[in-house]
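Try each task before you read its solution.

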Amino acid sequence: QVQFVESGGGLVQPGGSLRLSCVVSGSIVTIYAMGWYRQAPGKQRELVTIAPSAGNVHYVDSVRGRFTISRDNEKNTVYLQMNNLNSEDTAVYYCYTKVKHPYLLSASEYWGQGTQVTVSS
C-alpha cells in the first residue's frame, strides 16, 4: 500500500496561481512515475500531467504552458505549479503514482484522496 499527503488546494481568482504538493510513502522499492489527475463536476477523471522517472514529462493540452510538474525524488514528493488559472481548471486534483513494491512482481498504481481547486471570482 501507499500513503499520500496532498496539500495546496483552495479557492483562487481567475488568473491566479496555486501550488499543489503530494508526498508518497509506503513499502516502495521504486517509483516509476508521479503525476496529477483531475475530475471536474460531471466529467470523467483526466490525466493532467505525469513525470516518469525515465522519459518525458507529459501535459494535457489544456494546461501546457500554464502548469509545471516537478519532483523531489529524495522526498518522494511531486509538485504542481498552476499559473494563470481559469474556471475550467476547477476540479478535484488527485496525486498519482506508479510504484514497485518489494512483495509484488508487477508495478502498482495509486491515486490520492484528492484536493479541491476552485477558480472563481
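At 25% relative accessibility, N76 counts as partly exposed. Keep that residue in mind, as we return to it in Exercise 3. Please note that the model is predicted.

**Exercise 1. Describe the overall build of the protein.**

Task: Find how many helices and strands the protein has, and check its radius of gyration against that of a compact globule with 121 residues.

Solution, step by step:

- Start with the elements. The protein has zero helices and 11 strands, so from the N terminus on every element reads β, as in β-β-β-β-β-β-β-β-β-β-β.
- Next, take the radius of gyration. A compact globule with 121 residues would come to near 14 Å, and the protein has 14 Å, which agrees.
- Then look at the box. Along the principal axes, the C-alpha atoms fill roughly 50 × 25 × 25 Å.
- Finish with burial and contacts. Buried residues account for 43% of the 121 residues. Of the contacts between residues at least 6 apart in sequence, 56% join residues at least 24 apart.

**Exercise 2. Work out a sheet.**

Solution, step by step:

- Write down the order. Four strands make up this open sheet, in the order β1-β3-β8-β7, and their pairing is antiparallel.
- Read off the edges. β1 (2-7) and β7 (67-72) each have a single partner strand, so one side of each has no neighbour in the sheet.
- Recall the background. Strands of a sheet pair through backbone hydrogen bonds, and the pairing can be parallel or antiparallel.
- Zoom in on one pairing. β1 and β3 (residues 18-26) run antiparallel and are joined by six bridges. Within this pairing, V5 stands opposite V23 in β3.

**Exercise 3. Examine two asparagines in loops.**

Task: What is phi of N76, what is phi of N84, and where do N76 and N84 lie?

Solution, step by step:

- Begin with N76. Its phi is near 50 degrees, a positive value in a residue other than glycine.
- Place N76 in the chain. N76 sits in the loop between β7 and β8 (77-82), and its relative accessibility of 25% makes it partly exposed.
- Turn to N84. Phi of N84 is likewise near 50 degrees, again positive in a residue other than glycine.
- Place N84 in the chain. N84 belongs to the loop between β8 and β9 (91-100), and with a relative accessible area of 48% it is partly exposed.

**Exercise 4. Trace an aromatic cluster.**

Task: Which residues do ring pairs link into a cluster, and is Y96 buried or exposed?

Solution, step by step:

- Count the pairs. The protein has three aromatic pairs.
- Take one of them. Y37 and W111 are edge-to-face, with 5.6 Å centre to centre and 75 degrees between the planes.
- Ask what this pair connects. Y37 is in strand β4 (residues 30-39) and W111 in strand β10 (residues 108-111), 74 residues apart, and the pair links these distant parts of the chain.
- Compare with the cut-off for burial, under 20%. Y37 has 17% relative accessibility and counts as buried, whereas W111 has 35% and counts as partly exposed.
- Take another pair. The ring centres of Y96 and W111 are 5.1 Å apart and their planes are at 55 degrees, so this pair is tilted.
- Y96 lies in strand β9 and W111 in strand β10, so the pair ties together parts 15 residues apart in sequence.
- Answer the burial question. Y96 has a relative accessible area of 3% and is buried.
- Ring pairs link Y37, Y96 and W111 into a cluster.

**Exercise 5. Find charges over rings, then explore Q39.**

Task: Which ring face does R45 lie over, and which residues is Q39 in contact with, leaving aside its neighbours within four places in sequence?

Solution, step by step:

- Look at the arginines. R45 lies over the face of Y94, 3.7 Å from the ring centre, and R19 lies over the face of Y79, 4.1 Å from the ring centre.
- Locate Q39. Q39 lies in strand β4 and is partly exposed, at 28% relative accessible area.
- List the contacts. With neighbours within four places in sequence left aside, Q39 is in contact with Q44, R45, A91, V92 and Y94.
- End with a distance. Q39 and Q116 are 77 residues apart in sequence, and their C-alpha atoms are 9.6 Å apart in space.

Methods:
Residues are numbered from 1 along each chain as its sequence is written. This is a predicted model: local features need pLDDT of at least 70, side-chain atom pairs count only at pLDDT 80 or more; totals for chains, interfaces and linings use all residues. Side-chain values use heavy atoms; hydrogens and water are left out. Two strands pair if DSSP finds at least two bridges between them. Buried means under 20% relative accessible area, exposed over 50%, partly exposed in between (1.4 Å probe, protein chains only). Rings of Phe, Tyr and Trp (its six-membered ring) pair if their centres lie within 6.5 Å; planes under 30 degrees apart count as stacked, over 60 as edge-to-face and the rest as tilted. A charge sits over a ring if NZ of Lys or CZ of Arg is within 6 Å of the ring centre and within 35 degrees of the ring normal. The radius of gyration is taken over C-alpha atoms; the globule rule is 2.2 Å times the number of residues to the power 0.38. Contact means heavy atoms within 4.5 Å.
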